[in-house]
Amino acid sequence: MRIAYLDCFAGISGDMFLGALIDSGVPAEVLHDAVKTLDLGASLTLSKADRSGISATSVRVLENGKPAEEPALAHSHTHEHHHHEGQQHSHSHRHSHSHDAPQQQQQEPAHQHSHSHGRSLSVIRKLIDSAKLADPVKRTAIQTFELLGASEAKIHNVDIEKIHFHEVGAVDAIVDIVAASAGIHALGVDAWYASPLNVGGGMVDCAHGRFPVPAPATADLLRGFPTYSAHVQQELVTPTGAALVRVLSPTFGAQPAMRVQKIGYGAGTRNPKDFPNVLRLSIGDAGDGNQASVAVLETALDDISPQILAHVTERAFALGALDVMSTAVQMKKGRLGTLLTLLADDAKVSVLEDLLLRETSTLGIRIHHERRSCLDRTYVTVSTPYGEIRIKVGSRSGEIFNAAPEFEDCRTAAAAHNVPVKQVQQSAIAAYQRVQGD
């Protein structure tokens, strides 16, 4: 089973996550192509950076060729709330932020950016939905913004659709989230793990007064996660970084037993002395590599509606199930029923067990473990007349056993060119075979 481990000893931000993805082997084209589909005049610039002696990948967002957000020397939030007749809430937000490690904030003045207008959640949803992205990428990106919006709405006690995203609705944050979503799915891992999150320390200034780090929205997004404050008196986890971690829903703790194959470092903005301002991402196989154990949860149901069954399937995937299967079975008294089977890592068994007991009519669940043998999975991107298509390659000890086009890529390309999906699949396979023959 392919797993990923995030080492968040210096916190996490959107640009650090992108850098770690690239540094760990996600093709840069995956991120560049995702950004192009947004049609915002934005692009990414990649470079190598030294962070306390560690070579890391630095990612910056450009808007019309210029930095979308220049690094700030300090972090300040200013919120101004104006209440008008017939308008429940409008929100003016000035925000300067750089995911930085320590320096004394009073040594240098803050560089502030004004965002007098923002994008509503519905506008951002429409923007992402209209982009030529694979459906899973769209869902992850939209879910990330919904998490950000829910936290802001809770803090300000307004409906989520009344929230206008300023910092997180700016071009740099939209690009970060969409590119990160594309990278997450391109990486093709089965389970995410993470260390406790170092949130940093100190205070941030708001119009409502001084708040301790983490800032209110970030603190809400980090509810239930293991966090700590160490080493620096500055904010280390950004709202975007916190939302991405919540979307990934990792298992927290020390690095699990794994055979690490790739390690990537994403660079923060600054390079302070004796504090590597990086996010480390390790990719590898769980346990004994190709030999792994998987938990199987199953229950037979003869009184559940198709709508509830579909809902449970969707929720199971969102909660980390590796696979969900529904099988038609004949039960007692000749009743037709459904055998619902979930595959999961041990760390996800408890939450999936709770899902089945709460959301279905079952009175009991069978849980057991099966040994499974897995091929190593990698992705290769090929060029076709219909655009770039990812090929999932299954191999062992360097020998390729299977290679298949990613269906979502093919479906998106087929819709864009008004051709059958199988035509795109055949073109992708032919392109892959040409590459292999070269």
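The model is predicted: local features need pLDDT of at least 70, side-chain atom pairs count only at pLDDT 80 or more, and totals for chains, interfaces and linings use all residues. Residues are numbered from 1 along each chain as its sequence is written, and side-chain values use heavy atoms, with hydrogens and water left out.

**Backbone angles**

Most peptide bonds are trans, and most residues other than glycine have a negative phi. The bond from Val213 to Pro214 is cis, with omega near 0 degrees. Pro214 sits in the loop between strand E13 (209–212) and helix H6 (216–221). Helices (H or I, at least four residues) and strands (E, at least two) are DSSP runs, numbered from the N terminus.

Buried means under 20% relative accessible area, exposed over 50%, and partly exposed in between (1.4 Å probe, protein chains only).

**Helix H5**

Helix H5 takes in residues 171–187. How many of its 17 residues are buried? The count is 16 of 17, so H5 is mostly covered. The expected span of a helix is 1.5 Å times one less than its number of residues. For the 17 residues of H5 that gives 24 Å, and the end C-alpha atoms are 24 Å apart, which agrees. Just after H5, Gly188 takes a positive phi of about 65 degrees.
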